[in-house]
Amino acid sequence: MTRWNRLNAALALGLAVVSVSMGTPVPLALGAVVSAGAVLALSGRLNLPNAVTFLRLLLVVGALVMAWRQPALVLPFVLAAWVLDGLDGWLARRLKQDSPFGALFDQETDAGLVLLLCVELVVTRGFGPWVLIAGALRYALVLAQLLATRPIPERRSTWGRAVFSFSYLSLASALLTELDAVTIVAVPAGLGLLLFSFAPDFLAVARARG
């Protein structure tokens, strides 16, 4: 799983650059689906909680791919993916199927959703490349951990979930509405919260380098 984690991070960042260069989120979207689907199939962990997590990715990918023809579908698809966040964890605990794999798969899916929304904002809504920082943070951390001399434990907290929700919804609102004062403030605020949330992890990597 750790090897996939790193390969997926490198793939996501590379395809984000390709998508921005081409002016379409399709390369990143397809890469995210193939990568997540492959690790589920090869790991044999396709249970109900992980299927719900994968469904969240499919909903956002479907919304962005169809946005140019069916913009009315973007809102319900993107919001459904957010509403389903938490259901996968609840199902895992309820069915006694919680595992480190499921927790990490959920984190990687969250990161993929944020990066997809960031790329969409750049290629269709005229946002500057700075917004990609929000989507790249998680993957940059995964790759930075290669420099550590000891394993860095994954952190999961209520604060982290709240920051993800705020950032995700602020990016979604920027995608679904015209640029206004709320959107212009909310997206940078979400990025600031993400930077603050990830700061301890990057500091831990720096310390682990000695």
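This is a predicted model: local features need pLDDT of at least 70, side-chain atom pairs count only at pLDDT 80 or more; totals for chains, interfaces and linings use all residues.
Q: Which helices each supply at least two residues of the nonpolar patch?
A: That would be α2 (26-43) and α3. A helix here is a DSSP run of H or I with at least four residues, a strand is a run of E with at least two, and both are numbered from the N terminus. Residues are numbered from 1 along each chain as its sequence is written, and side-chain values use heavy atoms, with hydrogens and water left out.

Q: What makes a group of residues a patch?
A: Members need over 30% relative accessible area and no salt bridge; like charges are joined within 9 Å, and nonpolar side chains (Val, Leu, Ile, Met, Phe, Trp, Tyr) within 5 Å. Here the patch is V26, L30, V65, M66 and L73, with about 350 Å² of accessible area together. Such areas come from the Shrake-Rupley method with a 1.4 Å probe, and for residues only the protein chains shown count as cover.

Q: Where does L73 sit, and why is L73 called partly exposed?
A: L73 is in the loop between α3 and α4 (74-83). Buried means under 20% relative accessible area, exposed means over 50%, and partly exposed is in between (1.4 Å probe, protein chains only). L73 has 30%, so it counts as partly exposed.

Q: Why is T158 called exposed?
A: T158, found in helix α8 (residues 158-176), has a relative accessible area of 70%, so it passes the exposed cut-off. As for V17, T158 is 141 residues from it in sequence and 31 Å from it in space, C-alpha to C-alpha.

Q: What makes R56 and D106 a salt bridge?
A: The rule asks for a side-chain nitrogen of Lys or Arg within 4 Å of a carboxyl oxygen of Asp or Glu. For R56 and D106, the closest N and O atoms are 3.1 Å apart, and the pair forms a salt bridge. R56 lies in helix α3 and D106 in helix α6, so the pair ties together parts that are 50 residues apart in sequence. Why can such pairs form at all? Side chains of opposite charge can pair when their charged atoms come close.

Q: How far apart are the closest N and O atoms of R56 and D88?
A: They are 3.9 Å apart, and R56 forms a salt bridge with D88. That links R56 in helix α3 (residues 48-66) with D88 in helix α5 (residues 87-94), 32 residues apart. R56 has 0% relative accessibility, so it is buried, and D88, at 5%, is buried as well.

Q: What about R138 and E108?
A: Their side chains meet in a salt bridge at 2.5 Å, N to O. R138 belongs to helix α7 (residues 132-144) and E108 to helix α6, 30 residues apart. With a relative accessible area of 8%, R138 is buried, and E108, at 3%, also counts as buried.

Q: How many salt bridges does the rule give, and which residues are linked in a network?
A: The count comes to eight. The network links R56, D85, D88, D106, D110 and R161.

Q: How do you know that the span of helix α6 agrees with its number of residues?
A: The expected span is 1.5 Å times one less than the number of residues. For the 25 residues of α6 (residues 100-124) that gives 36 Å, and the end C-alpha atoms are 36 Å apart, so the two agree. α6 is mostly covered, with 21 of its 25 residues buried.

Q: What makes the radius of gyration agree with a compact globule?
A: The radius is taken over C-alpha atoms, and the globule rule is 2.2 Å times the number of residues to the power 0.38. With 210 residues, the rule gives a value near 17 Å; the protein has 16 Å, which agrees.
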